[in-house]
Amino acid sequence: PAMYVSAQAPLDAIADLRAQLAKAGTKVSVNDCVLRAIALALKQVRFKAAQLSAVVQGLFFSQRPQPA
């Protein structure tokens, strides 16, 4: 079982950052930048992240697979 989430966001700033880092000899992917942003955001709002995790787990475990 998996939960898929999608969103759209402008990535111009990430592209600029990647270009600057590439000039300095550091290679990073867009995924690296997104994961770091998520980690920093979760550090700032730990309580809310724990609440969201509980909600997601509740939704996940309350769903039952439908017979085919």
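User: What pattern does the protein follow when read along the sequence?

Analyst: Read in that direction, the protein follows the pattern α-α-α, and it has three helices and zero strands, where helices (H or I, at least four residues) and strands (E, at least two) are DSSP runs numbered from the N terminus. This is a predicted model, in which local features need pLDDT of at least 70 and side-chain atom pairs count only at pLDDT 80 or more, while totals for chains, interfaces and linings use all residues. Residues are numbered from 1 along each chain as its sequence is written, and side-chain values use heavy atoms, with hydrogens and water left out.

User: Why is Cys 33 called buried?

Analyst: Buried means under 20% relative accessible area, exposed over 50%, and partly exposed in between (1.4 Å probe, protein chains only). Cys 33 has a relative accessibility of 14%, and therefore counts as buried. Buried residues make up 4% of the 68 residues in the protein.

User: Why is Val 34 called partly exposed?

Analyst: The relative accessible area of Val 34 is 33%, so by the cut-offs already given Val 34 is partly exposed. Val 34 has its place in helix H2 (residues 30–44), and Cys 33 lies in helix H2 as well.

User: Which residues does Cys 33 touch, not counting residues up to four places away in sequence?

Analyst: Cys 33 touches Ile 14, Leu 17, Arg 18 and Val 28 on that count, contact meaning heavy atoms within 4.5 Å. From C-alpha to C-alpha, Cys 33 and Arg 18 are 8.8 Å apart in space, although 15 residues apart in sequence.

User: What describes two packed helices?

Analyst: Two packed helices are described by the angle between their axes and the distance between the axes. Here the axes of helix H1 (residues 12–23) and H2 come within 10 Å and cross at roughly 115°, the axes being lines fitted to C-alpha atoms, for helices over the stretch in contact, with angles from 0 to 180 degrees between N-to-C directions. The contact is made by Ile 14, Leu 17 and Arg 18 of H1 and by Val 30, Cys 33 and Val 34 of H2.
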